[in-house]
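Hi everyone, thanks for coming. Let me put the structure up, and then I'll walk you through a few parts of it.

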Amino acid sequence: MSLKYITPAERFKKYLPKDYVELVDYGPFGKTQDQAGPGNMGQFKELVEEHPMCSGCWMAYYIRLIFASLPCPEETVTLGTAGCGRLAISQAAVPFVYGNYGDQNAMASGLSRAFRLRFPDKTKDVITIAGDGGTMDIGFSMTMHSWIRGERFTTIMLDNEVYGNTGGQESGMSPKGAVLKMAPFGKNFEKMPATGLAIAAGCVYVVRMSPTNIKKAAKVIRRAIFVAREVGPTFIQAYTSCNIEYSIPTEEVFADAKAQEKDRFQFEEFMTDEAKAVIERVEAEEKAASKARKAASKAAAAEVN
Amino acid sequence: MSPNVKPKLNKKQVDINYLLKEAPREQHFITGAQAMSEAVKRASVDMAIAYPITPQSEVMHLVGNVYAEGHIKEYYRAEEELGTMSAIAGASRAGVRLFTATSGPGLLRGLEAIVSWPGHRVPAVLGVLTRVINAPLSIQPDNLEMAYIMHSGMVLLHAENQQDTFDFTLAAFAIAEKVDVYIPVAVATEGFFVTHAKGYVDMMSEDLTLTEFDPVAAPVPAMDNETPPARIQRDAPVQKSNFMSYLIHSVWQQEIWDSNRRAMKYIYEYLGGPIEVQNPEADVFVVASGCAAAQAREAHRYAQEEGLSVGLIKVRAIRPFPTQEIRDATANAKALIIPEHNIIGWLCKEVQAAIPNGGIVVEGPRVYGGMTLPVELIMKEIYDSLGVENNLKL
Amino acid sequence: MLKKVEVGPAGYMPQSAPQMGVELAPEGQALLYGNAVTPEEAMRDAAIALLTKKNPTIFPGPQVLWDWKEDVAEKAAAILDLASEIPNCKIIPMPDYRPKYPKIDVKAEINPNHPNLTILDNKIDACIFVGVHCHYANLTLRMIRAGTSCYTVALCAYMGHEEAMASIRDLHASDIQKFKEILIEERNKLGIEWTTTLPPENPSLPKEDFGTLSPADYGEYRSLIMSKKGEHVAEVE
């Protein structure tokens, strides 16, 4: 764990803006999910705070959730590309690489390999977080080939089924019939089968979901990261509606996400046997550690009493 | 990532000055592609990423062998050039030494990523083994693609022959990684004419290797979770429509070109300067770079034999462009002949813009599409410039 | 001395110092107004500026703010020693390099994407940058020279900065101590009385208590906070 680079030099601590000091004192660095995770969001200094996403944006919520779920934020680098998502991702207190259009998975291939050669004894989590256009349209070849090569990092597609940031154009992930910009008569072909493509290309852990349940969504994000560390490429396709381009009233955003859970974003979880073994092992370890911590704090409390 | 066990080599790390200037050398008779890969072998490269395109492929095949022998830590074939060049940009954020190479159409395919390397402060070395730009399809040498790099902010060196290719490539790593430079360096040479032809190359022992990459000595923090600050976005988008966004982008661009400018002192230090001048008192100069400089050198020799007042200016560095050096070297010249392997005459335009009396520039001779550049084409211009009668039928 | 690089404002879109022909100082030397001089000469001019101009400020960057390398503690101590000898000196850090969103607190920090805001708001007429990565230091120094009347000093662990009025290269903690000694000498010559005093702490807002935080505490950003179980946030901007 390299907390040194996020620890203020002792003598300068009182000259830093409080924001930065608090990030270390009350942030999730070096902490467990029980202490600072999705379960108690809003009660610790989060990695993403202010961001310029639209009011009621479901994508902003999911990005916030991604950062709260990171197993090791102090050893994580995220990569992204053009799109709404990067407006929030770039506000996180985790290094973020912004390259060119749709090249996040190619960059992550280079970055994750370079990390492994420079730090053979450390685990550095590399995660690409891009939209449906960046992942499946302009970045398609680079996304697919990173999976085909078996690159060990996590790909998260923020699927809002539209080019939101450029003003609402049709994307490969838009549903058939959707009337969007550049599709004035409605999209005339099907939504791309992203999870099927991922499985075919060799992803070892693949999930499609509408992240309406925080616990479940967090579990999936963590599983994808744990498996990518050891086994191979992992992929999450998450529904992160665009309430602007699809005209979803803010108060109905959650209901829409719920509805999608029964429609285009029915929960699907695929894992290879090898991935399953990793998940079972890590989750058992986490459970045991959490139990041990609880027992220890109980014992400590008993002692005080 | 690599299941195959690579041999562990016990190489001696030395600094660039010793490696380039002092280490004993032996002569070899090798191709330009070999010369480039031999330089990579001695450069402690961490990672090389390959994608085939003729005539470059030979270089990255050989670099693959160099990797298999254990001189490079990581190597793979990427999906295509945009993927290759993007992966270089990604790997660079981790603080490692990087190499790749491409040719004509491949360079253009990767251009979106390549031209953003300087702004991203990617100190990688790019081999450019020149090839025509389609259409129609051809694989032959023509260095038109170099014009696209000239305006990217990268340092651009142009090698005349196999020896230059070796020396320039080694020096390129040192220049790219200087804290006051830290932008990519492209080493260009002509496809086939140099890459697939043999020439004599003096090389130091392969047991010597350049000092390893230092991820801390950099003008930007490595994004490796080891270097502060934590909240980095090394090159954040600054697309807001306000004066501050325009200002940061403008000073950022200035910084790239300033870095390019600062590379000049290292071109002096490691390569003896951006130009080579023969017969400085001459009336007529042949000014050329790359393969055309080899032919210009031959024309210069012919002219010497014939007792004509002809000099040679070989341009090693296209970026930073040696404006002052060329202005000084040609101050008393009556004519400048600029042979080139491309139709647009990018070197000719640069020289015309560099000197106060552009009218003395003879715009050519130029060959393209893969045609060779006969010395007689240059001689014809020399005779015409000097008013020497001749019976050259061209 | 011909001042190749002068205190700004240099204008709307000035040439960069390297474009004007300024080169970095060779090893063992410093830059003063774009000219190579001895480090002492540069330090002396910088000291006078810091002692005589309004609101002298030190801007420490990430390389000295975070405890990531062996020499940080020593450098941090030396910077504070220097700061406490400059009358009414402030310390405003540059903790990172991404543009501040939604708005920078100009009293609490400076940012390389818009450094002029902090300089202008605090009416800083003399400043020192130390521990900022060179790329961002160059951007910052250039913008300050373009748009403000601030005298800039760059203390650099590498090769220095053409854009600064005074630039010291290959900086170690001992160089900062030397700078401090020179500054005290100049202060005495100018007859300025000063008791060694550390600069005030960062004035940013008092810390929030995350234990008792509720969505209401987020005011206008309330809609960005997830609703609690059973709560329905209907009102948004």
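This is a predicted model: local features need pLDDT of at least 70, side-chain atom pairs count only at pLDDT 80 or more; totals for chains, interfaces and linings use all residues.

Now step back into the helix itself. Which residues of H7(A) are buried? In this helix, residues 194-201, they are A:Ala194, A:Thr195 and A:Ala198. They sit on the same side of H7(A), because the arc they cover around the axis is only 95 degrees. As a reminder, an α-helix has 3.6 residues a turn, so residues three or four places apart point the same way. And what covers these buried residues? The cover includes two helices of chain A, H5 (132-137) and H6 (140-148). It also includes strands E4 (154-159), E5 (205-209), E6 (234-239) and E7 (268-271) of chain A.

Over to chain B, please. Here we have an open sheet of seven strands with mixed pairing, in the order E4-E3-E5-E6-E8-E7-E14. At the edges are E4 (74-77) and E14 (317-319) of chain B, each pairing on one side only. On average, neighbouring strands of this sheet are turned by 20 degrees against each other, direction ignored.

Let's look at the E14 end. E7(B), residues 155-158, runs antiparallel to E14(B), and two bridges join them.

H3 of chain B (residues 57-68) lies across E3 (47-50), E4, E5 (98-102) and E6 (125-130) of that chain, and runs at about 145 degrees to E3(B).

Last stop: the domains. The assignment for chain B gives domain 1 as 12-210 and domain 2 as 275-386. Their centres, taken over C-alpha atoms, are separated by 26 Å. Across the boundary, 23 residues of domain 1 of chain B are in contact with 20 residues of domain 2 of chain B.

Which element gives the largest share of the domain 1 side? That is E7(B), with four residues. H8 (146-150), E7 and E8 of chain B each supply at least two residues of that side. By class, the domain 1 side has 14 nonpolar, six polar and three charged residues.

How values were computed. Residues are numbered from 1 along each chain as its sequence is written. Chains are lettered from A and ligands numbered from 1 in the order in which they are written. A residue is buried if 20 or more other C-beta atoms lie within 10 Å of its own, exposed if 12 or fewer, and partly exposed in between; C-beta atoms are placed from the backbone. The arc is that of the directions from the helix axis to the C-beta atoms. Two residues are in contact if their C-beta atoms, placed from the backbone, lie within 7 Å. Two strands pair if DSSP finds at least two bridges between them. Axes are lines fitted to C-alpha atoms, for helices over the stretch in contact, and angles run from 0 to 180 degrees between N-to-C directions. Domain bounds come from an automatic or database domain assignment. Ala, Val, Leu, Ile, Met, Phe, Trp, Tyr, Cys and Pro count as nonpolar, Asp, Glu, Lys and Arg as charged, and the others, Gly among them, as polar.
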